[in-house]
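Biologist: I'm new to reading protein models. Could you walk me through one, feature by feature?

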Amino acid sequence: MEGLVFQNARVITENGVLSGGCAASDGIIAGVWQGEIPSRFAAMPVYDAQGCWLSPGLIDGHVHGGGGADFMDGTAEDIRTAAQAHLRCGTTMIAPTALTCADDALFAFFDNVRTAMRDKEDMPRFLGVHLEGPYFSPAQAGAQPPQYLRQPERDHWQRILEAGGDLIVRWSAAPELPGALELGDALKDCGILASIGHTDADYACVKEAMAHGYTHLTHFYSSMAGLKRVGGFRVLGTIEAGYLEDGLTIEIIADGMHLPPELLRLILKCKAHESISLVTDAMRGAGMPDGPSILGSKADGVACVIEDGIAKMPDRTGFAGSVATADRLLRTMVEKAGLSVPEAVRMMSLNPARLYGVAGKAGSIQAGKFADFVVFDEKLTVRDVFVGGRRIRR
């Protein structure tokens, strides 16, 4: 039997950690075991993990760029550069995310992603694309270019759905905007994850949005309304809805900057762990040294500076974006939020796999799933990454 055996590993499975290994054959996991290599795999070449963690490949469902490139820069090569930067840090499945932009830039993004997806050499798998905008609240726009914000009109979002086709797997929008609920119904009918983001919605609006297909919250806490006073009465916002509604899943930018450790611990205490996914929401500065950078595309981007593990506005008055990679998220959740390594891994493997409907083939180390792995040492530093059982060049 051809393939590769991983042995002498702490194998992170859905049901616990095994001291043993697993086998990959033809890109698929052929077996997982505790202890010694089973006889049926004895003739296969062996990768000695030397006691390291063997994790399922990590899944990033919200990411804009890395390695000096942005997914919106305008070429398939930019998409490959950014995707490979995250692959080297353990992301074996990725959803390139489009920032709010002009329609022609969005349609070019679709074409460039399709081109990049044809390249399988040292590339992560593509979940599809995540559209972040353009239907957002101006009051909660954050880094979204304000000149491209608009309300969801049927003719507009239908053109986007036709151009994107089955490439679109998620769309983030503000449900309080006129037309947003109709959009949610359409996304649900298409099997696209409808997510609430960059929003001023109160709790009642979120509840109504859930009845129209919205089931997820984009970067929890960031660019969303919380508790406020109206005529003296306290009115819950999107943040409180995220805690209160079990039917809502959430994602967190666990770089230790966007959400301080104390807030991460509060989220873990109040929200079911299976409902939480980790995302980098990284811009081009991920994996790059400190210094000047650009938030967004080269054509429409905003100048920023990378320092102290985050991108800042040039005047240092606010954040300009994340520069995190997947391995950093895991370290943050373990070292600062108190999760175990298997729990942290689950939030960036099985949980997002379920969120995007791909748990039958990815997200955990189980026979029959993709042979996508990350080998971590004791400090959760990436030693090796495998896609389809093949070691990628780092």
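Predicted model: local features only at pLDDT ≥ 70, side-chain atom pairs only at ≥ 80, totals over all residues.

Biologist: Okay, let's start with E251. Where is E251 found, and is E251 buried or exposed?

Modeller: Strands (E, at least two residues) and helices (H or I, at least four) are DSSP runs, numbered from the N terminus. E251 is found in strand β17, residues 249-253. As for burial, the word buried means under 20% relative accessible area, exposed means over 50%, and partly exposed is in between, using a 1.4 Å probe and protein chains only. E251 has a relative accessible area of 1%, so it counts as buried.

Biologist: And which side chain does E251 join in a polar contact?

Modeller: A polar contact is a pair of N or O atoms within 3.5 Å; within protein, one must be able to donate a hydrogen and the other to accept it, and residues adjacent in sequence count only if both atoms are side-chain atoms. Here the side chains of E251 and H62 are joined by one of 2.8 Å. Plain contact just means heavy atoms within 4.5 Å. Not counting residues up to four places away in sequence, E251 touches H62, R170, H216, L217, T218, H219, F220, S277 and V279.

Biologist: What about the nonpolar residues?

Modeller: In soluble globular proteins, nonpolar side chains tend to be buried together. A nonpolar core is a set of buried Ala, Val, Leu, Ile, Met, Phe, Trp, Tyr and Cys residues joined through side-chain atoms within 4.5 Å. The largest one here has 85 residues, and I252 and M333 touch the most other members. Apart from it lies another core of 16 residues, among them C22, C52, L54 and V375. Back at I252, the residues it touches include F220, L259, L264 and M333, leaving out residues up to four places away in sequence.

Biologist: Now salt bridges. How many are there?

Modeller: A salt bridge is a side-chain nitrogen of Lys or Arg within 4 Å of a carboxyl oxygen of Asp or Glu. By this rule the count comes to 21. Take D103 and R159, whose side chains meet at 4.0 Å, N to O. D103 sits in helix α2 (residues 103-117) and R159 in helix α3 (residues 154-164), so the pair ties together parts that are 56 residues apart in sequence. D103 is partly exposed at 24% relative accessibility, and R159 is partly exposed at 41%.

Biologist: Which residue forms a salt bridge with D122?

Modeller: That's R393, with the closest N and O atoms 2.3 Å apart. D122 lies in the loop between α2 and β10 (125-126) and R393 in the segment after β25 (390-391), so this pair ties together parts 271 residues apart in sequence. D122 counts as buried at 13% relative accessibility, whereas R393 counts as exposed at 60%. Salt bridges that share partners join E121, D122, R390 and R393 into one network. Elsewhere, K312 forms a salt bridge with E307, with the closest N and O atoms 3.2 Å apart, and both K312 and E307 are buried.

Biologist: How do I read the backbone?

Modeller: Most residues other than glycine have a negative phi, and most peptide bonds are trans. In this model, the peptide bond from G133 to P134 is cis, with omega near 10°. P134 lies in the loop between β11 (129-132) and α3.

Biologist: What is the phi of H219?

Modeller: H219 has a positive phi of about 30° although it is not a glycine. H219 sits in the loop between β14 and β15, and at 3% relative accessibility H219 counts as buried. D281 has a positive phi too, near 50°, and is also a residue other than glycine. Its place is the loop between β18 (276-279) and β19 (291-295), and D281 is buried at 13% relative accessibility.

Terms used:
Residues numbered from 1 in each chain as written. Heavy atoms only, no water.
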